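Biologist: Could you walk me through reading surfaces and interfaces in a model like this one? I would like the general idea at each step, then the case at hand.

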Amino acid sequence: MAQSKKEAVNRRGFLKGAAASAAAGAAALAGVPAIEEAQQVPAGGGRGAAGAGGGAAPVAPAPTQDQINRDTGNVRPPAAAGGRAITRAGSDLMVQVIRDLGIEYAAANPGSSFEGLQESFINYGAVPNKTPEWITALHEESAVTMAHGYGKAEGKPMLAVLHGTIGIQHAAMSIYQAYHGRVPVLMIGGLDPDGPVAQHNAADLAGMVRSFTKWDAQPTTLPETLTALQRAYNEAITPPQGPTMVVINSRLQKMEAGNLALPAYTPPKYPTVDASTAKTIAQGLVNANNPRIAVGRLRTPQGVKLSIELAELTGASTSTTATGGPMSFPQRHPLCGNGADTTYDYTLGLEAGGAQASLTGPALSTITAERDTAHIGFNGIQGGGGGRGGGGRAGAGGGNAIGPTDAEASLPAIIEQVKLLLTADKKRTIAERTAKHAAANQTARVTGIQQAVLTKRAGWDGSPVGTARIYAELWPLIMNEDWCLSSPSNFSGGHHAQLWDHNKPYSYLGGQDAGGMGYGAPASVGAALAAKNRGRIVINVQTDGDLNYAPGVLWTAVHHRLPLLTIMHNNRAWHQELMYVEYMAGVRGRGTNRGFIGSSLRDPFIDYNKMAAGYGMKSEPAPISDPKLLAAALKRGVDIVKKGEPYMIDVITQPR
Amino acid sequence: MNQTSKITVGILIIAVVAIAVHAQAPAGGGRGGGRGAVANNPAPTSPATGNAVTGKKLYYDYSCYGCHGYNGETGARAFVGNWGNLQTEAGFVAFLRLRGDQNPAAPSTGMPNFPVSTMSDAQAKDIYAYIRTFKSNAPELKDIPALNAIVAGANKPYKP
């Protein structure tokens, strides 16, 4: 909403009253009853307060002078002798702390509990509204999921600012997903004890999402607030990574900071292998005839870079999870694949279990005993031994988890030890092995592609458009670009895993993380925020049901001019759920032709081009159901997105 | 589906994908296998006695397309070229009745049961007649520029 939530209830009453008065006057002139009379909110009542039928038409309360002043823009801060009342706002310091942490974006839907902060974000500093830039979100769920997508793409947090109890509850599902995904997200919850809407406040504001946040604080002083922001950032980026929240009282935002100094920032410490273990691992890799490294999901692009360095130093063949999610080994690297010889005699897992030495960070289950105050029951939560990638096996070996240990932070020590062990003979042997692996992996890759393209011909010319054709037609258009596939592909065939090369830490951002819908579009906007200033384009193959949770995020993409190509996988149903119902009807022996009820999106069909147009997004002029029209449309879309604008193509598709 | 089942499905998908990718990466990947495969098994030639026009409507009404695609070539179980239980009309009707006593604890996207109480033999035969009109829409590989570009791209050296 555009107006302050602080005054939302009373303002609505005032405006409705004004509208009703105007309408009543017009109706009297025309001699017809005013339809607004039937829609008036009873005096003193908001939602749920209206009586059922009958009775006289209620009269809207007259606005107070305070309301009139606010609605007419006549509210002014109290004058201070000699100049501004506040010369160094508390919120300016908060923004400076966030800026110093390198946060690029802050997404928020407006709310009166953080007007002090918002004003500082957009006005404070020599270059205001930059690092972070304020991103306008139309729903708090979108704001946090943007941060979710950004966090996956960059391996670091962006900020989401949430208004009180209502904003946090709007955001709750997306916080839950980021928690499951172990994605770093920094959040501020605004608390406004001076606001007129008591329902927006709580004694323990973060309590309602504590079970699925990693850390939270509700500081009571400005110095505590500044250090809490730094701590929240550190907690978010240390394993197990996750969403963190600092609840900030509006009074602290608006107070005079005086000469208060910014606290010094201390980077977090990560659990790493000790020197002895690093040496043992290095010996295992260097002395093996055929070492193997399984790479799961690392924390940041730097971890990926280090894993490449280790593999290249040791000539180890590697596995990757890059086709299933972010931050893993490049798929087309010459050492990625089964290699020339699959009888591995030493295996190392980097955030991947099952190896002779598996370095895996602490699982979420290590913090749930303390955090799960709502008794959701997270003790069995994923992560133990499986690495961030959710599993993986290095090959031979019975498995020996060394941990909890952060693989990325351990790599420098291991690499250092490897370099000490590399003699000229070892280097020659490793070079020969690397060449053999590279040849074998390239052959396997080409063979795999040749087999895959044969299968993708199925239904190629069928109408509606097959999902395989979408991914197949896209790849030649983007293979030489810096691209990111931001949307989950589990409902659209996952064809990219077979056809595309996933060589960057952000090539594919993976699934929803907790199976929650309404994820694809906002996560893609977050990924596009990450891409915007990096010469990258973002591809979102958007399922139709998923978009309809909070489609306002399309406007955010347009407003902030994001390089985002949205291709609708428009199958006009929730087909997985349709099949659940069909199956149940079949078991019960009735109505197997009625499964579409409640699980389809027809009558009417949704017009996504009009939806895009409503939000100001360019799109193809008409939905595409003829596959022969697809390639040209995709090229138009890629060309526009490369110029830094979002674009939508509505493709009527086969169900899966 | 409710959130719990969505999460369960999501985790299962993630787990399956992760295992598959680790086992097979990078060649071929782990996802999408079995979808829309082009098989060369010839279409059945056994008699089809139903009405294909009526069958087309029934194919949509009973949501057959949800898993088999509008053309029988895509989705979770494409059957064009891989006819399996569609070899004969009688075999197809019998197949539809197979799972009447299977009540899965977890939500299932498996082939539903279609007992006679909800789909008559005549309707099943009409659907069969319609299915038998399906044929492959798969062009020759040489006629698909995008797929050839993908193969060409795979032959290019890796660039970090």
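Modeller: Happy to! Let's begin with the surface: this is a predicted model, and the accessible surface of its chain B comes to about 7,600 Å². Carbon and sulfur atoms hold 58% of that surface.

Biologist: What percentage of the residues of chain B count as buried?

Modeller: For chain B, 46% of its 160 residues do, with buried meaning under 20% relative accessible area.

Biologist: And which secondary structure elements does chain B have?

Modeller: Chain B has six helices and zero strands, so its pattern along the sequence reads α-α-α-α-α-α. Among contacts in chain B with a separation of 6 or more, 65% join residues 24 or more positions apart.

Biologist: How do I read the size of an interface?

Modeller: Interface size is often quoted as the accessible area lost when the parts come together. Between chain B and chain A, about 6,600 Å² is buried, and carbon and sulfur atoms give 61% of this area. Helix 1 (3-24), helix 3 (65-68) and helix 6 (145-154) of chain B each supply at least two residues of the side touching chain A. Helix 1 of chain B gives the largest share, 11 residues. By class, that side of chain B has 37 nonpolar, 25 polar and eight charged residues.

Biologist: How many residues are in contact across chain B and chain A?

Modeller: On chain B there are 70, in contact with 85 residues of chain A.

Conventions. Residues are numbered from 1 along each chain as its sequence is written. Chains are lettered from A and ligands numbered from 1 in the order in which they are written. This is a predicted model: local features need pLDDT of at least 70, side-chain atom pairs count only at pLDDT 80 or more; totals for chains, interfaces and linings use all residues. Side-chain values use heavy atoms; hydrogens and water are left out. Helices (H or I, at least four residues) and strands (E, at least two) are DSSP runs, numbered from the N terminus. Buried means under 20% relative accessible area, exposed over 50%, partly exposed in between (1.4 Å probe, protein chains only). Contact means heavy atoms within 4.5 Å. Accessible areas come from the Shrake-Rupley method with a 1.4 Å probe; for residues, only the protein chains shown count as cover. Buried area is the accessible area (1.4 Å probe) that two parts lose on being put together, summed over both. Ala, Val, Leu, Ile, Met, Phe, Trp, Tyr, Cys and Pro count as nonpolar, Asp, Glu, Lys and Arg as charged, and the others, Gly among them, as polar.
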